[in-house]
Amino acid sequence: MAISQRALEATGLPRAPGRLARLREWWEQEHVFGYGLIVPALVLLTCLVAYPFGMAIYFSLSDYWVGSPGPFVGLANFREILGNDVFRQTVQNSFVFTSIALTLKTVLGVWLAVLLPWVIPTALSTLGWWWMFDSLYSVINWTAIRLGLMSAPGPNWLGQSHYAMAAVIVVNTWRGLPFFAITVLAGLMSIPREFYEAAEVDGATSRQRFWHVTLPLLKPVLAVVVLFSTIFTFSDFNIVQVLTRGGPVNTTHLFATLAYQIGLQGGNLGQGAAISLFLFPMLALVVFLQLRYIRKE
């Protein structure tokens with residue numbers, strides 16, 4: 001005969017765990033709880049990274065156009081883009097853009113972190129820079145002419161090859177400086193003050209303290225920042241698309257903008273995917289080498 005809940009409590013006997021209690025006990029197991037926490041991240045990575053990456057590989061190996069699935073063509077898309085003058089110019093543009101912008105962000109980011117103990121806010125957008133570099137209403141030209149630094153009418157920043165590349169590098173450097181400065185500042189704050197005091201006792205100047213104390217202890221932080229910035233700079237799209245759209249005469253095209261122009265605007269998804277994946281092996285090697293250096297440090 002079944003015993004009522006009240007009678008069971010009156011006897012003082014332990015109550016059998018309910019379904020909810022058993023479920024909670026199962027969920028609180030270390031291996032179950034741990035996997036449960038990473039499942040949402042795995043779902044997001046699968047949907048937003050792994051699936052698009054797999055589709056890009058599929059498109060790059062087929063003659064696929066918008067609205068017109070094509071047959072498997074193997075590496076034909078890669079061979080075709082390697083023979084394309086615009087693509088070769090894009091490779092050169094990407095390396096020039098990334099190397100100069102990354103160098104400026106590293107040097108100026110460390111300088112700002114040492115000099116400024118607060119966050120640098122992002123106050124303007126790329127559209128603001130587009131107005132500043134405008135051929136007719138450029139505030140940069142107007143200011144430089146008034147200061148006697150150049151003669152009127154000044155350079156056409158977005159209409160001449162070298163000036164256009166300089167403009168997109170400046171904007172990318174401006175946008176990436178806060179990330180460098182804040183991260184390096186966090187690294188500076190973690191350096192024990194005793195190291196500087198010991199260097200001062202030994203008679204080291206401020207320059208010597210920077211080179212022999214600050215910089216060696218900042219190397220792991222700088223390696224991580226440079227790693228992320230390398231990936232973000234190579235894959236930049238917004239700045240070039242808003243300012244120049246790859247012009248003039250394709251001299252500021254990056255991999256992302258050229259892939260967008262050929263794959264989405266031109267409809268050739270196969271070649272667009274091949275362009276977007278072209279740099280993947282090289283970036284994977286760079287990531288491997290930098291992570292190996294970080295572990296050694």
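A residue counts as partly exposed when its relative accessible area lies between the buried limit of under 20% and the exposed limit of over 50%. Keep that in mind as you explore this predicted model. The chain has 14 helices and 0 strands, and buried residues make up 34% of its 297 residues.

**The chain as a whole**

- Among the contacts in the chain with a separation of 6 or more, 66% are between residues 24 or more positions apart.

**Leu108, a residue to start with**

- Leu108 is found in helix α5.
- Leu108 has a relative accessibility of 32%, so it counts as partly exposed.
- Leaving aside residues up to four places away in sequence, Leu108 touches Thr173 and Leu177.
- Leu108 and Leu177 are 69 residues apart along the chain, and their C-alpha atoms are separated by 7.1 Å.

**Ile294, a second example**

- Look for Ile294 in helix α14, which covers residues 280-296.
- With a relative accessible area of 21%, Ile294 is partly exposed, because the buried class is for values under 20%.
- The contacts of Ile294 are with Ala223 and Val224, not counting residues up to four places away in sequence.
- Val224 lies 70 residues from Ile294 along the chain, while the C-alpha atoms of the two are separated by 7.5 Å.

**The largest nonpolar core**

- The largest nonpolar core has 16 residues.
- Phe97, Trp129, Phe133, Val168, Val171 and Leu243 are the residues with the most contacts inside this core.
- Four helices each supply at least two residues of the core: α5 (85-115), α6 (126-132), α8 (161-189) and α11 (238-243).
- Of the helices, α8 gives the most to this core, with 5 residues.

**Helices α9 and α10**

- Helix α9 (residues 193-201) packs with helix α10 (residues 206-234) at an angle of about 160°, and their axes are 10 Å apart.
- That angle makes α9 roughly antiparallel to α10, since angles over 145 degrees count as roughly antiparallel.
- The crossing of α9 past α10 is right-handed.
- On the α9 side, the contact is made by Phe195, Tyr196, Ala199 and Glu200, and on the α10 side by Arg209, Val213, Thr214 and Leu217.
- These contact residues divide into 5 nonpolar, 1 polar and 2 charged.

**Helices α12 and α13**

- Helix α12 (residues 255-265) and helix α13 (residues 269-277) pack at an angle of about 170°, with axes 7 Å apart.
- As a result of that angle, α12 is roughly antiparallel to α13.
- From α12, the residues Phe255, Leu258, Ala259, Ile262, Gly263 and Leu264 meet Leu269, Gln271, Gly272, Ile275 and Ser276 in α13.
- In this contact of α12 with α13, there are 7 nonpolar residues, 4 polar ones and no charged ones.

Conventions. Residues numbered from 1 in each chain as written. Predicted model: local features only at pLDDT ≥ 70, side-chain atom pairs only at ≥ 80, totals over all residues. Heavy atoms only, no water. Buried < 20%, exposed > 50% of the residue type's maximum accessible area, 1.4 Å probe, protein only. Contact = heavy atoms within 4.5 Å. Axes fitted to C-alpha atoms, helices over the stretch in contact; angles between N-to-C directions. Parallel < 35°, antiparallel > 145°, perpendicular 65-115°, else oblique. Left-handed = near helix turned anticlockwise from the far one by under 90°. Nonpolar A, V, L, I, M, F, W, Y, C, P; charged D, E, K, R; others polar. Core = buried A, V, L, I, M, F, W, Y, C linked by side-chain atoms within 4.5 Å.
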